[in-house]
Amino acid sequence: MITIQNYVKATSLEEAYELNQKRSCRILGGMMWMRLGTANVQTVVDLSGLGLDQIEETEEEFSIGCMVSLREMEIHQGLNKYFHGAIADCVKDIIGVQFRNQATIGGSVFGRFGFSDVLTCLLALDTSVELYKGGLVPLAEFIKMKRDNDILVRIRIRKDGRSICYLAERIAKTDFPVIAAAAAVKGNQVFVSIGARPMKAALFQTELAKYTEETIRGCAKAAAQSMTYGSNMRGSETYRRHLAEVCVRRALEKAAEQ
């Protein structure tokens with residue numbers, strides 16, 4: 001059980017940032033995971049009054065505020081049209097609609113969870129996170145950064161013409177994934193993200209002169225073999241490695257067809 005002493009609804013990002021410098025303070029997202037902890041939190045800071053709950057589309061990118069819910073991303077026509085339904089695919093099996101109505105994209109990305117479907121999908125795209133003090137940071141770099149007291153303000157996804165497919169293997173429909181994979185292609189460039197290993201998602205990049213059955217199989221094997229895996233109650237290291245290769249191959253085949 002988590003115990004909270006004080007609640008503050010921030011009136012500005014600067015106020016939220018200053019409050020968040022204290023070790024006993026936490027930023028409040030959807031609170032879907034935070035509430036499961038056992039910490040004694042002195043102050044939680046709510047960002048819901050700062051207008052960060054919008055998805056904005058321009059000719060160059062999608063800008064997604066940190067307080068946008070996973071459900072809003074799931075049903076957003078612009079996102080899913082441009083990315084061939086991959087955004088909806090990566091969130092549709094996360095618990096249930098009620099959960100996705102509350103869970104936020106900011107909390108999902110900032111948490112850098114190993115089981116994150118969202119992180120796996122976004123990593124295969126040209127995605128950056130906008131930090132209040134740290135500025136714009138590529139997602140691939142942000143994943144490796146140590147957690148600090150900065151505030152994730154927005155997620156930015158560039159419209160660079162990538163075709164993408166997201167796949168995940170689960171024991172049960174609403175369970176955490178045993179393995180998750182996203183494959184994106186842009187010309188001869190290939191971007192493969194594998195998550196739930198059970199470690200957090202990692203990125204593999206390469207180039208293919210042609211997309212044939214043979215080259216796609218070779219690429220899937222290389223991507224799967226390039227990463228480390230672990231065992232837990234959902235699957236063994238060997239099982240995950242095998243699933244990763246299969247999922248990447250299928251995702252790459254679909255992405256290459258789009």
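Visitor: How do α9 and α10 pack?
Guide: Helix α9 (residues 213-225) and helix α10 (residues 237-257) pack at about 140°, their axes 8 Å apart. Helices are DSSP runs of H or I with at least four residues, strands are E runs of at least two, and numbering goes from the N terminus. Axes are lines fitted to C-alpha atoms, for helices over the stretch in contact, with angles from 0 to 180 degrees between N-to-C directions.

Visitor: What do you call that angle of α9 to α10?
Guide: α9 is oblique to α10. Under 35 degrees counts as roughly parallel, over 145 as roughly antiparallel, 65 to 115 as roughly perpendicular, and the rest as oblique.

Visitor: Which residues make the contact?
Guide: From α9, they include Ile216, Cys219 and Ala220; from α10, Arg241, Ala244 and Val248 are among them. Contact means heavy atoms within 4.5 Å.

Visitor: Before I go on, what are the ground rules?
Guide: This is a predicted model: local features need pLDDT of at least 70, side-chain atom pairs count only at pLDDT 80 or more, and totals for chains, interfaces and linings use all residues. Residues are numbered from 1 along each chain as its sequence is written, and side-chain values use heavy atoms, with hydrogens and water left out.

Visitor: New topic. What is the strand order in the open sheet?
Guide: Five strands run β4-β5-β8-β6-β7, with antiparallel pairing. Two strands pair if DSSP finds at least two bridges between them. β4 (55-57) and β7 (135-138) are the edges, each pairing on one side only.

Visitor: How many bridges join β6 to β8?
Guide: Five, between β6 (residues 127-131) and β8 (residues 152-158). Glu130 stands opposite Arg154 in β8. Ser128 has Arg156 as its bridge partner there.

Visitor: And β6 to β7, how many?
Guide: Four bridges, antiparallel. The two strands form a hairpin with three residues between them. Leu131 faces Gly135 of β7.

Visitor: Is β6 buried or exposed?
Guide: Five of its five residues are buried. Thr127, Val129 and Leu131 cover one side, Ser128 and Glu130 the other. Buried means under 20% relative accessible area, exposed over 50%, partly exposed in between (1.4 Å probe, protein chains only).

Visitor: Last one. Where does Thr174 lie?
Guide: In the loop between β9 (163-170) and β10 (177-186). Thr174 is partly exposed, at 44% relative accessible area.

Visitor: What does Thr174 touch, beyond neighbours within four places in sequence?
Guide: Asp93 and Ile95. Gly96 is 78 residues away from Thr174 in sequence, yet 7.1 Å away in space, C-alpha to C-alpha.
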